[in-house]
Every structure is written in structure tokens, then in C-alpha cells.
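Could you have a look at this one with me? I've jotted down some notes to read alongside the model.

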Amino acid sequence: MFIFTISPELPAMFDGMKLAAVATVLYIIVRCLNLKSPTAPPDLTYQDTPLNRFLLKSCPQLTKEYIPPLLWGKSGHLQTALYGKLGRVNSPHPSGVRKYLPMQDGATATFDLFEPQGDHRTGDDITMVICPGIGNHSEKHYIRTFVDYAQKDGYRCAVLNHLGALPNIELTSPRMFTYGCTWEFAAMVGYIKRTYPQTQLMVVGFSLGGNIVCKFLGENSMNQERVLCCVSVCQGYSALRAQETFLQWDQFRRFYNFLMADNMKKIILSHRHSLFGGNPVKTIDLDLGPLYTATSLMQIDDNIMRKFHGHSSLKEYYEKESCVHYIHNVNVPLLLVNSADDPLVHESLLTIPRTLAAKKPNVIFSLTLHGGHLGFFEGAVLFPQPLTWMDKVIVGYANAMCQWEKQKPPCQSGHLSESSCAEEKA
């Protein structure tokens, strides 16, 4: 007969193991949620000009501390995931009218037009022309939330629906939206200028849309006529430089790449009849096999997207479609916004807007510590507010720009420095 006795040290050892396990779990949670990261105002790069000083004074969101929700808002992954899954919390349903614009190549561009819900504070007619992110359109929650907020501040809003992005709108030519094609956005802007000859424009782009709007403005100086300013949020500036980072597992970019590629495959295959066969217009000739097996955006771009515009290689496609080669031609006031914890935009890409803002007096580059990719949620502890820091900063910057236009000295345009103003006075 054996008698087992429990040493008094064993319960203490088990308690110690439990405490160690709990401590380990808490450590992992703190690290994953980045809870020890401080909150801070955006890191700003700009030249000291009268306009920039006025904008920073009149748009406090750019200089005050951005405070994300305490428990999860300091994680760029959770901010990005919540934006991707929900878009926004309790998003409204602004009422707009859908417009159809026939293009020269047989495509049909569409955009939604939302009239202001009151007079603008300056009494002027201002239209925001908005370009959403990759595969997005006017019905996305983050777009609806922003449009409703801008409408209430007296802005008319025109939102481009990327060609092929709306599931209930058939393509009328063998072409869909690409990374940097500005044709549909140009058509929308042209319609607004013709229909509202008294209106002034504010250009807004989100993610891929930021690349398109900056490229559009930089392609031709005439595109900047009647444009008060431009705001770009969370874009990557150079697809050629970004492609290598998208294949890395750092910040799980390879996983995000896979998810975005899967979404692009669904969009392309939903229009396979218009793109690859049965259309009276000649379709592009290609093998769909690589599309089905693609696991990255680069594979889809190389096998499908570049061929819509006849680019001979992926390198040529990315070179021609990236705004990095055009953005230096933009002379209207330009606000570039990125987040340091954006898992999609590698930090090496941020040298582009930082260098631009250091060289050009019309550019402000704002880099937040947190916010993820198009997240920028605000809230006390757990639940985010319906409006985000991003929504507020765009409208705040737009309001400040309108105010500047109303009261600026005659010698000061949006990009003149104090020395230039003094020379003009002399």
C-alpha cells in the first residue's frame, strides 16, 4: 500500500505558475495592443509661411493630441481591421443622385452627387470632389459618414464610384479601375465645373484615391483651376517602391496583401463577361489561370490590370500610375496625412511626403502616431465615436482654407512665402 503525500510547497508552486501564466498573457496583450505607447499630436513637416501658420492655427486637429480609444486604438492592426469590417460606427445614409458619364472608350463612369444641407459658413459655393480607396464607392460606410459630416458643414460632395466597384453596375467596356488611372475622376471634375460654374473645388482622396487625385492635379496645371486645396489620406505614393514591402511579413503586410488580392479577384471575376468575353468591344486577350491562383496584388496587376492600358511590364505600369512622378507639380495647398502604425504603408514610403513638404511651401505633411489604415477612430475607452479624427481634420482643414481665401491679403496666394509677399509689395 502506497501513501501519497502532497508537499506544502506544491500548491505554492502551482500558484506561482498561474501567476506566471497570467503575467505572460497580460504582457502579450500589452505588447499586441501597444498599450504603453504614448499619445501625441501629429508630427508635422511644413515650411513656415503665412498660409501654413494660419491653417495650423485654424485647424486645431493638426496640432492637438490625437487620442484613440484606450483599450485597442493604439494598435494599427485593430484600427485597420475595424475600418475594414465596419467602416464606421452608426454610419448615416446621405441622400444623393447617381450620375452616369459615357467615356470615349465606351466605359461608363458613375459618381454620386450630394447637395449641401445648408449654406457654407463663408457663403460661397464649395464642392468636395472625393476619390475613395481601392475597390470602394459612395456606399461604403466611411464615405457615407464623411459625406454626411461635410454636407452638414455646407459642402456639396461628388463621390467617384471606381469603375467596376459597384456590384449592381455593369461595365460597358473591357476596362475597370486601376491604381492610377485618372480618366473617371477627370470626367467627374469636368462635369462639376460645367454644371456649377460658380463653385470652387476641394479635392479629397483616400488611400488609392489619394494617389489618383494627386496624380490628376499634377498631370496638367489646368486640372488645378478652381481648386482651393487637396487632401490625401493614407496613400503610399509609389507603387513601384511599395511592391517589395508588400511581400514582407513585417507588420503582416503579406497577409493584408493576400486579403486585398482576394477582394480584387472577386471584383474582376464578377465582371468577367464584360472584361474577357461576349462584349462587342474587343476584350483583352489573356489567360485567366494566373488570376485564379494569384495570392498577391502584384500578380493580379501583372497579369490583368496593366493590360487594360497596354503597359508592357509591371514596372512600367507602376511607374506610370504612381503620383510620386507628378505630385511635385501640384501648386495648390496640399495636406498629406499618414499614420505611423499603418500596416499597409511601409515607413520607407513616408520619405516621399516628408521631403516634398520640406521643399514646397504649399505642402503640409501630417504623420499621426496611431490610426492604422483609414481608421483614426476616437473614443474614451472601448467604443469609438461615429466621427473619426480623419473626418474632422479634413473638414477642419477645408474650413480653414475657405476662411483664408476670404480674408487673405491681396499679395498672398496659397503658396507665397513672406519674402515673396514682401517683394510683391515692393
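Here are my points, going from the overall picture to single residues.

1. First, the ground rules. This is a predicted model, so to speak a computed picture: local features need pLDDT of at least 70, side-chain atom pairs count only at pLDDT 80 or more, and totals for chains, interfaces and linings use all residues. Residues are numbered from 1 along each chain as its sequence is written, and side-chain values use heavy atoms, with hydrogens and water left out.

2. The overall picture. The protein has 15 helices and nine strands; these are DSSP runs numbered from the N terminus, with helices being H or I of at least four residues and strands being E of at least two. Of its 426 residues, 55% are buried, where buried means under 20% relative accessible area, exposed means over 50%, and partly exposed is in between (1.4 Å probe, protein chains only). Among contacts between residues at least 6 apart in sequence, 78% join residues at least 24 apart; a contact here means heavy atoms within 4.5 Å.

3. The largest pocket. It holds about 1,200 Å³ of space. Of the 46 residues lining this pocket, Tyr 83, Ile 134, Met 260, Leu 344 and His 373 are the closest to its centre. A pocket is an open set of points on a 1 Å grid over the protein atoms alone, with protein on both sides within 12 Å along at least five of seven lines; a cavity is a set where a 1.4 Å probe fits but cannot get out, and lining residues have an atom within 4 Å of a point. Grid points are joined across faces, edges and corners, and a volume is the space filled by probe spheres set on the points.

4. Who builds that pocket? Several helices supply at least two lining residues each, including H3 (76–86), H4 (141–152), H8 (253–270) and H12 (314–321). H8 gives the most, with eight residues. By class, the lining has 26 nonpolar, 15 polar and five charged residues. For the classes, Ala, Val, Leu, Ile, Met, Phe, Trp, Tyr, Cys and Pro count as nonpolar, Asp, Glu, Lys and Arg as charged, and the others, Gly among them, as polar.

5. Not counting residues up to four places away in sequence, Ile 268 touches Met 176, Leu 275, Phe 276, Leu 291, Ile 300, Ile 304 and Met 305.

6. Two cavities of 30 Å³ or more are present. The largest cavity has a volume of about 80 Å³, and its lining includes Thr 108, Asn 161, His 162 and Glu 170. That lining divides into five nonpolar, five polar and one charged. The second largest cavity, of about 30 Å³, is lined by residues including His 162, Phe 177, Cys 181 and Ile 212.

7. What about disulfides? A search of the whole structure finds zero, a disulfide being a pair of cysteine sulfur atoms within 2.5 Å. The sulfur of Cys 323 is 4.9 Å from the closest cysteine sulfur, in Cys 214, so it is too far for a bond. For Cys 402 the closest cysteine sulfur is in Cys 229, at 7.1 Å, again too far for a bond. Cys 323 is buried, with a relative accessible area of 0%, and Cys 402 is buried at 3%.

8. A loop worth a look. Ser 238 sits in the loop between S7 (227–233) and H7 and is buried, at 5% relative accessible area. Ser 238 and Val 324 are 86 residues apart in sequence but 5.7 Å apart in space, C-alpha to C-alpha. Cys 234 lies in the loop between S7 and H7; its phi is near 65°, a positive value in a residue other than glycine.

9. One more positive phi. Gln 251, in the loop between H7 and H8, has a phi of about 60° although it is not a glycine. Gln 251 counts as partly exposed, at 38% relative accessibility, whereas Cys 234 counts as buried, at 1%.
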